[in-house]
Amino acid sequence: MTDLNQLELDLINAIGAAETAAEVEELRVAALGKSGTISGLLKGMGAMSPEERREKGPVINGLRDRVQSALGARKAELEAAELESRLQAERVDLSLPARPRRKGGVHPTMQVMEEMISLFADMGFAVAEGPDVEDDFHNFTALNFPPKHPAREMHDTFFLKPDPQTGERKVLRTHTSPVQVRTMMSQTPPIRIVAPGRTFRKDSDATHTPMFHQVEGLVIDKGVHMGHLKWTLETFVARFFELDGIQARFRPHHFPFTEPSAEMDIRCDRSGGTLKLNEGDDWMEILGCGMVHPNVLRACGLDPEEWQGFAFGMGVDRLAMLKYGIPDLRPMFDADVRWLAHYGFSPFAAPSSAGGLS
Amino acid sequence: MKFTLSWLKDHLDTDADVATVAEAMTRAGLEVEEVHDPIAALAPFTAARIVSAERHPQADRLQVCQVETVDGMKEIVCGAPNARAGLTTIYAPIGAFVPGLGVTLVEKPVRGVVSHGMLCSAAELELADESDGILELADDVRVGEPAAGVFGAEPVIDFEVTPNRPDWLGVAGIARDLAAAGLGTLKTPEIVPVPGTFDNPVTVRLDAPQLCPAFAGRVIRGVTNGPSPEWLKRRLTAIGLRSINRLVDVTNLISYDRARPLHVYDMAKLVGSEIVVRGGQVARDTGEPEHLIALDGKTYAVGPHHCVISDAAGERPIGLGGVMGGESTGCDDATTDVFLESAWFDPLATAQTGRDLSIASDAQYRFARGVDTASLVPGVELATRLILDLCGGEASATTLSGQAPAAPLPFAFDPARVAALTGLEVGEDRIAEILTDLGFGVARGSPWSVTPPTWRRDVEGPADLVEEVARIVGYDSLPSTPLPDLGAPPRGVLSPRQARIRTARRAMAALGWFEAVTWSFLKQDTARLFGGGDDRLLLENPIAADLDCMRPSVLPNLIQAAARNAARGHADVALFEIGPIYLGDGPTDQRTVLAGVMSDRAARHWSGKGEDALFAVKGDLTAVLDRMGAPVASLQLAQGQNRDWWHPGRSARLQLGPKTIVAEFGQLHPRVLKALDADGPLYGFEIVLDALPEPRGQKSKSRGSADLPVLMPLTRDFAFVVDDGVAAGDLVRAVAGADKALIAEVRVFDVYRGAGVPDGKASIALEVVLQPREATLSDADIEALTGKVTAAAARLGATLRG
């Protein structure tokens, strides 16, 4: 037994001292190989008497198991160390920058237009579109602007050169109301639409650009009155500004295409350079609206005795500025990447009823 | 339109203060823009008397004054030439804010003498636009009297007059609406006619009734003209008008008081005794229009559509009817006999005259919007009374020539329309009361018959009356009534095209592009570079010469935006825009495009150059088309046929057929970049969204079962040598078609020219992905496939590289 103990001790020491996987393999062959020391002992058991085998068998088998597992353990240890040293050599400086990726964004006007469409969609408004280059009928006459009426002057209209054959002068639409006209002329009420799009007026200063965006709305039905208009706009404006409610004031105004007409103001506080809604003593005009003028209904082939409804219109760029604190209108259309990076929206911030508008 | 509270109170019996008036106005639709209260601004200023004025020891133009002020005797340095001992003027103490100068006074030496305050001019107190000295007050003004009291300063209300309400251009009209709104009792003084004592010596001939259908007038002789009394001056200057002389001031007063413009002619300067009202004349021989020097001193060339007042048997123009009088017959201090005009000029013609001649006046503003057709003779009578009071004299009979447009006719009105259109519950008595207060004639029957007053030519039907009732009741009373809930439509509200645009926007942004929004117009020369610039798309009145033409493409705007960014030091841009282009001026000539422009200026990176910009653009273009649901696999690429703003060798188009071009992309032509002052290279694309086929209408939302083969795909590589002219895309398509059942994908993984490949040839290496379906592929299967692939490639002249 002493011999076996000594053998085990020697083997275990040798295994522990092995520095490479090859040395471990050498020791395995020397101990457990075909002609290895332990293999020899195991073979020798065949010649033993049953009593002797019963006594020595477990001892030799135990020796074999322990050596085997010592070999395995040492091998795993050495492999791990080898991997570790290889990985150490593979070190890279991770403070180096990744390859830069361009960061894109959605223009605030377009983001806000999508917000508006989303809110009106929830109220059952479809989206209607029409051309930017319009004729006088759709932009003015059908909307109850009599020819040469001073109200036309207030629109600062852009005109295209007259047609050499007919002398007709096309206009760049001054509002998206011609889309309302086209809708009323092509659809049978009830109608619930919003008309988003580009609009043009010959005006350029700190708060006006020659091109801007509007969302107009139109509801034509039986029995729709100004109370519905008020509710629709109060609901819209509160949801747009993501407030629980809105302190609004409707004020009589004049538009040729609506009667009665109104402008909607919201209560605000502009002191201290920031705009706070629903506070303070100031009022800020945010949109124009009214009941569709009987002359407009008639011009669009609808009988004002049968159908009535309301219309409203608002400036998208301006509401984007108000909501998101954009101080200046003109950079909206300048495509300055610094401005776009600051005021642009993530592509994944699509407005939704579930996720909130913004 | 500006007016003062005291002026309003001539017409309205009310205790309301200015804030209450302003609030009531806004609620009734008279939108107040500003309430200017000079009293607050004048608070620090008081009257003072100069006791002595000595020349400043160091400056000839300055005087050192000893001044008796509310704060005791003060030594004040003054530069005004009229500063003198005994003068009563206005004193500003140290610390006062002087509105006309925009400064707060501090005690500091002026050329060595400390000035303990300031003596003020009218301009410094913003009482006048300019002054040539300090204020000179009456001697009986007490030292220490507040300036606001001295000047009778009072708040001025400025509000927006909507074009439908010319009657609000007179204080009387404002008072009428405020009385109806419950702010007080209307007390506009009645006009008492002044009987004439002799026949009107002036006759009036109306030769252009379409421009001027009616003209009332009379002569007042023996008047004494001259500066107006203080109350009249004050009334006019308080609202920013200049006091001229009594006669002229009377006409201005009535213009603002009753929205009734008038004109006065000096009889002594009239040639003949007949006034002819006609259109402007053009000399038959020379074609030269006649000219008139108006009261503003400018010369105007008048045409046949402009109304001219003339004398000398119609030969001499002496006024631009409804707009401005002529210099030749104006009234001055020497005037003794005056001819007074109260006419009615056509609104559209007057508006057109203002635009044609770029001339504006209070009269023009009022006539263009429509003056009360019943105000001609009352206007004469009111003016006569004032002139007689202020200037003395004797009035002739009043003559009315022609006929003003007929008064509005009554129409039927059902008071139930108020509730039907507004949701407001207003009793019939209240409706009738409001309309009556506003001057409407109301005959309550079934239905009612309502006659608008002559000053309300804007009212033409029941809806207008509903508005009158609603605004006087107040929009605050409107109910808030939920719209019948339709809910969001089950399939959303966007059309497939609108939905696709929305997807494209977010896809582009996610791919690293910034969305821009740029003008729909650009310079015609620029439009021409991009296949546009048709005269039919030129603006007649552009905002600027370089924004005069509707754009045929979004690319030039994006190129210029890239150049602007580069000029600001940000050359690395990837910009896109989804917007309109204009191919003609008809309603169907507009297209919506998605365009992008990208620079090749990505920042240098330590690991070396990244993706080639040209192929980055192609990759993003393909990705965005794919995300929009375009049939990317069926798109053909055609190279060498792009329009001439593209690099001929580095651009291509994607098409569904030769006539359905979906997009062009590639490198932009250096010639157009140079023309647009942009540094190249720039890359871009433009997708005509309207050219994309609509996604097929699917009856079911089901996607069918997924194709998930059990067997592993395997790959085989092939290197082909082809002539240089052969497009890799054609080779890929040929190989992919060699066995459509088995070949799942073909990828180009190397393109090589050089040693080992003959001149004029290229080696294109392909990785072919095979997807077995039924059973694993045997060597024989693979050999057979290799044969098919090489045969397919051979049809393009490709040979396997040895």
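**Exercise 1. What follows α13(B), and how covered is this helix?**

Start at the end of the helix: the residue that comes after α13(B) is B:G474, with a positive phi near 110°. Helices here are DSSP runs of H or I with at least four residues, strands are runs of E with at least two, and both are numbered from the N terminus. This is a predicted model, where local features need pLDDT of at least 70, side-chain atom pairs count only at pLDDT 80 or more, and totals for chains, interfaces and linings use all residues. Residues are numbered from 1 along each chain as its sequence is written, while chains are lettered from A and ligands numbered from 1 in the order in which they are written.

Next, check the length. Helix α13 of chain B covers residues 462–473, and its twelve residues reach 16 Å from first C-alpha to last, close to the 16 Å expected at 1.5 Å a residue (the expected span is 1.5 Å times one less than the number of residues).

Now the burial. A residue is buried if 20 or more other C-beta atoms lie within 10 Å of its own, exposed if 12 or fewer, and partly exposed in between, with C-beta atoms placed from the backbone. Eleven of the twelve residues in α13(B) are buried, including B:D464, B:E467, B:E468 and B:R471.

**Exercise 2. Is B:M118 buried or exposed, and what does B:M118 touch?**

First, find B:M118: it sits in strand β12 (residues 118–120) of chain B. Then count: B:M118 has 23 C-beta neighbours inside 10 Å, so it counts as buried. For contacts, we want C-beta atoms, placed from the backbone, within 7 Å. Leaving out residues up to four places away in sequence, B:M118 touches B:I76, B:A92, B:V98 and B:L105. Of B:M118 and B:V98, 20 residues apart along the chain, the C-alpha atoms are separated by 9.6 Å.

**Exercise 3. Is B:A406 buried or exposed?**

Look in the loop between β26 (399–402) and β27 (411–413) of chain B for B:A406. B:A406 counts as exposed because it has 8 C-beta neighbours inside 10 Å. Along the chain, B:A374 is 32 residues from B:A406, and their C-alpha atoms are 9.2 Å apart.

**Exercise 4. Which residues have the most contacts inside the largest nonpolar core?**

A nonpolar core is a set of buried Ala, Val, Leu, Ile, Met, Phe, Trp, Tyr and Cys residues joined through C-beta atoms within 7 Å. The largest one has 243 residues, and A:F310, B:L178, B:V338, B:L558, B:I559 and B:L575 have the most contacts inside it. Helix α10 of chain B (residues 376–391) gives the most to this core, namely eight residues. Zoom in on B:L575: among the residues it touches are A:A335, B:W513 and B:V597.

**Exercise 5. How many residues of chain B are in contact with chain A?**

On the chain B side there are 80, in contact with 68 residues of chain A. Helix α14 of chain B (residues 496–510) gives the most to that side, with seven residues.

**Exercise 6. What is the radius of gyration of chain A?**

Begin with the make-up of chain A: twelve helices and ten strands. Its radius of gyration is 42 Å, well over the 21 Å from the globule rule for 358 residues, so chain A is more spread out than a compact globule. The radius is taken over C-alpha atoms, and the rule is 2.2 Å times the number of residues to the power 0.38. Along its principal axes, the C-alpha trace of chain A spans about 125 × 55 × 45 Å.

Notes. Two residues are in contact if their C-beta atoms, placed from the backbone, lie within 7 Å.
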